[in-house]
Amino acid sequence: MKRFVIIVAGGNGSRMGASISKQYLEIGGRPVLIRTLEKFATVVPDAHLLLVLPERDFLFWEALCAEHGSKVAHQVVAGGQSRFQSVRNGLRAIPPQEGLVAIHDGVRPFVADEVIRKSFVEAETHGSAVAVVSLKDSIREIEDSGRSRARERQAFRLVQTPQTFRLEAIQAAFTAGELAHFTDDATVYEHSGKAVHLIAGNLENIKITTPEDMEFAAYLLAREGN
Ligand SMILES: Nc1ccn([C@@H]2O[C@H](COP(=O)(O)OP(=O)(O)OP(=O)(O)O)[C@@H](O)[C@H]2O)c(=O)n1
Ligand SMILES: C[C@](O)(CO)[C@H](O)COP(=O)(O)O
C-alpha cells in the first residue's frame with residue numbers, strides 16, 4: 001500500500017521563546033526538523049514525504065537544507081493558523097487514493113525507528129495506529145471547585161506522534177470543522193466515528209517545546225552517539 005508521511009512544522013514555537021522557530025534550532029549541529037525529516041526518509045524510504053511549513057519560511061528552509069547538505073526529497077506545503085489546519089493542508093495536498101499516512105510533529109526527532117515501522121503495519125490492519133506511553137507519575141484531576149482528586153494512572157496514556165491512518169478515512173475526518181478538543185489527529189479521527197488503535201511509543205520521543213527540552217535533546221543525542 002502506498003505510504004505517505006506528513007511532518008507538521010507550521011508553528012512559531014512561542015513557548016520556546018527563541019529568536020527562530022524551535023523546529024530550526026540545532027541539536028548536535030543539525031536543525032531539529034532536518035533530523036526528523038531524515039529519520040523518516042531512512043526508516044520508510046519508499047514513502048512520499050510532505051513537510052508543512054509557514055509559507056514565509058519556504059526560502060529560509062531551502063537555504064537551511066543547502067547549508068546542512070540535506071538532500072531528502074520532499075514536498076513543501078503551506079501551514080495554517082493551528083496544528084489542525086496545518087495537518088488539513090497536508091492531507092489536502094495528497095490526491096485521494098488507497099494508502100496509509102503517518103502524521104508526525106516536526107519537533108519530535110527522537111521517534112524510534114521501530115515505532116514508525118509498527119505504526120504503518122498496525123494502521124494497515126486496524127485503520128489507525130497512535131503512539132502512546134504510560135505515565136510514571138501519580139496524577140490528579142483539578143475539579144471546577146479548585147479541589148483535586150487522585151485518578152487511576154493505569155487508565156491513562158500520554159499521546160505522541162506518529163499517528164498513522166488509512167488515508168481516505170483521515171482525509172474524510174479532516175473535512176470536519178475545527179473543534180477546541182482537536183489537539184491531535186486521533187481526536188479528529190475519533191470525532192468521525194472511528195475507534196483509535198493505540199501502539200507503544202518510545203519515552204525518548206519528546207515534543208521539543210520549552211528551553212529545557214533542548215538540553216534534554218542534546219543529552220539524548222549524545223547518548224545515541226551522534
Ligand atoms: N499552526 C501550527 C501549529 C503547530 N504546528 C506544528 O505542530 C507541532 C506541535 O505543536 P507545538 O509543539 O505546539 O508547536 P508550536 O505551535 O510551534 O509551539 P508553541 O505552542 O509553543 O507556539 C509542531 O511541530 C508545530 O510546528 C503546525 O504545523 N502548525
Ligand atoms: C499532537 C501532540 O504532539 C500529541 O501529543 C500534541 O497534542 C500537540 O499539542 P500542542 O498543543 O500542539 O503542542
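**Ground rules**

I am working from a predicted model, where local features need pLDDT of at least 70 and side-chain atom pairs count only at pLDDT 80 or more, while totals for chains, interfaces and linings use all residues. Residues are numbered from 1 along each chain as its sequence is written, with chains lettered from A and ligands numbered from 1 in the order in which they are written.

**R140, continued**

I placed R140 in strand β8, residues 139–142. Strands here are DSSP runs of E with at least two residues, helices are runs of H or I with at least four, and both are numbered from the N terminus. Leaving out residues up to four places away in sequence, I found R140 touching S148, R149, A150 and R151. A contact means that two C-beta atoms, placed from the backbone, lie within 7 Å. I also looked up E152, twelve residues from R140 along the chain, and the C-alpha atoms are separated by 8.7 Å.

**Whole chain**

I noted seven helices and eleven strands in the protein chain. The radius of gyration is 17 Å, close to the 17 Å that the globule rule gives for 226 residues, so the chain is as compact as a globular protein of that length. That radius is taken over C-alpha atoms, and the rule is 2.2 Å times the number of residues to the power 0.38. The C-alpha atoms fill a box of roughly 55 × 40 × 30 Å along the principal axes. Buried residues come to 37% of the 226. Of the contacts with a separation of 6 or more, 71% join residues 24 or more positions apart.

**Core**

Which residues have the most contacts inside the largest nonpolar core? I wrote down V5, I6, I7, L51, V52 and V101, in a core of 50 residues. Such a core is a set of buried Ala, Val, Leu, Ile, Met, Phe, Trp, Tyr and Cys residues joined through C-beta atoms within 7 Å. In soluble globular proteins, nonpolar side chains tend to be buried together.

**Helices**

I checked α1 (residues 32–43) for length: its twelve residues should span 16 Å at 1.5 Å a residue, and the end C-alpha atoms are 17 Å apart, which agrees. The expected span is 1.5 Å times one less than the number of residues. Its buried residues are V32, L33, I34, R35, T36, L37, K39 and F40. They pack against β1 (3–8), β2 (26–27), β3 (30–31), β4 (48–53), α2 (58–67) and α4 (113–126).

For α3 (residues 83–92), seven of the ten residues are buried, so this helix is largely enclosed by the rest of the structure. I listed R83, F84, S86, V87, R88, G90 and L91 as the buried ones. Their cover includes β1, β4, β5 (75–78), β6 (100–105), α5 (167–173) and α6 (185–191).

Helix α7 (residues 211–224) has 14 residues and reaches 21 Å, close to the 20 Å expected. After α7 comes G225, with a positive phi near 85°.

**Ligands**

I counted 21 residues around ligand 1, with G10, G11, S14, R15 and S86 coming nearest. A residue is near a molecule if its C-beta atom, placed from the backbone, lies within 6 Å of it. That shell divides into four nonpolar, 13 polar and four charged residues. Here Ala, Val, Leu, Ile, Met, Phe, Trp, Tyr, Cys and Pro count as nonpolar, Asp, Glu, Lys and Arg as charged, and the others, Gly among them, as polar.

Around ligand 2 I found R83, D105, V159, Q160, T161, T183, D184 and K207. They divide into one nonpolar, three polar and four charged. Strand β10 (residues 158–166) gives the largest share, three residues. I also spotted a cis peptide bond from T161 to P162, with omega near 15°, and P162 is in β10.

**T210**

I found T210 in the loop between β11 (198–200) and α7. T210 counts as exposed, with 12 C-beta neighbours inside 10 Å. Beyond four places in sequence, T210 is in contact with R15 and M16.

Technical notes: A residue is buried if 20 or more other C-beta atoms lie within 10 Å of its own, exposed if 12 or fewer, and partly exposed in between; C-beta atoms are placed from the backbone.
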